[in-house]
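User: Hello! I am new to this structure and would like a friendly walk through it. Could we take a look together?

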Amino acid sequence: MLVSALLEIAPELLDETRAYNNWQIGLRGDAMAGTLGSVLQDVRDALHADPARFLPHIDARALKALKFSELLPVDLAISTIAERTGDPQGASTTLIRPISSVR
């Protein structure tokens, strides 16, 4: 959800060459902590207003893993998985943690 939010609100912060997972999000080397803090506040506000706004991106592997996915229209299968795997409360909890700059 956090990557989806960053892709919508500030895609310029993400490093396209780095992968992301449940433990880390790769940011560009020139991303500043202050800028990130401001963007994360915008994400917090948006999540508070609409918890389902930033559903996770779903890849082909996830679609194949969905039982009976071949019986569903692709859009419905994607939205089903995104809604099941989205965690607005977890994203909000993560967003209130302090920002650490590691080099």
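Predicted model: local features only at pLDDT ≥ 70, side-chain atom pairs only at ≥ 80, totals over all residues.

User: What does the C-alpha trace of the chain span along its principal axes?

Analyst: The chain has 103 residues. Taken along the principal axes, their C-alpha trace spans about 45 × 30 × 20 Å.

User: What percentage of the residues count as buried?

Analyst: A residue counts as buried when its relative accessible area is under 20%. The accessible surface of the chain comes to about 7500 Å², with 54% of that belonging to carbon and sulfur atoms. Of the 103 residues, the share that counts as buried is 27%.

User: Are α1 and α2 roughly parallel or roughly perpendicular?

Analyst: Helix α1 covers residues 2-9 and helix α2 covers residues 33-49; their axes lie 10 Å apart, at an angle of about 110°. Angles of 65 to 115 degrees count as roughly perpendicular. Therefore α1 is, relative to α2, roughly perpendicular.

User: How many residues of the contact of α1 with α2 are nonpolar?

Analyst: On the α1 side, the contact is made by Ala5, Leu6 and Ile9, while α2 brings Val39, Leu40, Asp42 and Val43. Sorting these residues gives one charged and no polar, and the nonpolar ones number six.

Key: Residues numbered from 1 in each chain as written. Heavy atoms only, no water. Axes fitted to C-alpha atoms, helices over the stretch in contact; angles between N-to-C directions. Helix = DSSP H or I, 4+ residues; strand = E, 2+ residues; numbered from the N terminus. Parallel < 35°, antiparallel > 145°, perpendicular 65-115°, else oblique. Contact = heavy atoms within 4.5 Å. Nonpolar A, V, L, I, M, F, W, Y, C, P; charged D, E, K, R; others polar. Buried < 20%, exposed > 50% of the residue type's maximum accessible area, 1.4 Å probe, protein only. Areas by Shrake-Rupley, 256 points an atom, 1.4 Å probe, with all protein chains shown as cover.
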